[in-house]
Amino acid sequence: MNVPLSLWRQTAGVLTFILTYLAVLNLTAFAVFAADKRAAAAGRRRTPEATLLGLAALGGGLGAVAAQRLLRHKTRKQPFARELGLILTGQGVLVAVLGLLAVRHALVIP
């Protein structure tokens with residue numbers, strides 16, 4: 001497997017960007033879920049479910065599920081919990097497919 005150094009550098013840059021994006025988005029999703037939980041407890045204006053699900057769908061699924069479980073927030077609310085589960089499942093499938101493609105691509109480079 002003889003991969004040019006420039007390709008590795010490009011791949012590392014893209015991977016760094018993706019991981020940074022996902023880290024920021026998951027932390028943001030967790031923070032927004034926590035703020036919504038505090039607002040619910042205080043009887044203040046809530047974050048719309050579409051916003052919470054949107055953050056999860058954009059890549060913050062793990063942060064959203066972590067907040068849901070750790071903060072016990074929206075765990076029984078349907079269809080929200082089901083939709084969040086579908087988003088996380090879809091993201092898992094996407095990561096698996098991209099991982100398989102990356103491995104396959106790496107294996108065929110001369």
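How many aromatic pairs does a search of the whole structure find? The search turns up one, and it gets its own view below. Bear in mind that this is a predicted model: local features need pLDDT of at least 70, side-chain atom pairs count only at pLDDT 80 or more, and totals for chains, interfaces and linings use all residues. Residues are numbered from 1 along each chain as its sequence is written, while side-chain values use heavy atoms, with hydrogens and water left out.

**View 1**
Following the sequence, the pattern reads α-α-α. Helices here are DSSP runs of H or I with at least four residues, strands are E runs of at least two, and numbering starts at the N terminus. The chain has 110 residues, and 25% of them count as buried; buried is under 20% relative accessible area, exposed is over 50%, and partly exposed is in between (1.4 Å probe, protein chains only). Take the contacts with a separation of 6 or more: 72% of them come from residues 24 or more positions apart, where contact means heavy atoms within 4.5 Å.

**View 2. Phe 33 and Phe 80 make the aromatic pair.**
The ring centres sit 6.1 Å apart with the planes at 50 degrees, so this one goes down as tilted. For the cut-offs, rings of Phe, Tyr and Trp (its six-membered ring) pair if their centres lie within 6.5 Å; planes under 30 degrees apart are stacked, over 60 edge-to-face, and the rest tilted. The pair links distant parts of the chain, with Phe 33 in helix H1 and Phe 80 in helix H3 (residues 80-108), 47 residues apart. Phe 33 is buried at 0% relative accessible area, and Phe 80 is buried at 0% too.

**View 3. The largest nonpolar core has 13 residues.**
A nonpolar core is a set of buried Ala, Val, Leu, Ile, Met, Phe, Trp, Tyr and Cys residues joined through side-chain atoms within 4.5 Å. Those with the most contacts inside this one are Phe 33, Leu 53, Ala 56, Ala 64, Phe 80 and Leu 84. H1, H2 and H3 each give two or more residues to the core, and H2 supplies the largest share, seven residues. Zoom in on Leu 84: leaving aside neighbours within four places in sequence, Leu 84 touches Phe 33, Leu 53, Ala 56, Ala 64, Val 65 and Gln 68.

**View 4. Asp 36 and Arg 46 form a salt bridge.**
A search of the whole structure finds one such bridge, and its closest N and O atoms are 2.9 Å apart. The criterion is a side-chain nitrogen of Lys or Arg within 4 Å of a carboxyl oxygen of Asp or Glu. Asp 36 belongs to helix H1, and Arg 46 to the loop between H1 and helix H2 (49-71), 10 residues along. Asp 36 is buried at 0% relative accessibility, whereas Arg 46 is partly exposed at 37%. Not counting residues up to four places away in sequence, Asp 36 also touches Thr 47, Leu 52, His 73 and Lys 74, among others.

**View 5. Val 14, Phe 17, Ile 18, Tyr 21 and Leu 58 make a nonpolar surface patch of about 510 Å².**
Helix H1 (residues 5-42) gives the most to the patch, with four residues. Nonpolar patches take Val, Leu, Ile, Met, Phe, Trp and Tyr with over 30% relative accessible area and no salt bridge, their side chains joined within 5 Å.

Methods:
Patches are made of residues with over 30% relative accessible area and no salt bridge: like charges are joined within 9 Å, nonpolar side chains (Val, Leu, Ile, Met, Phe, Trp, Tyr) within 5 Å. Accessible areas come from the Shrake-Rupley method with a 1.4 Å probe; for residues, only the protein chains shown count as cover.
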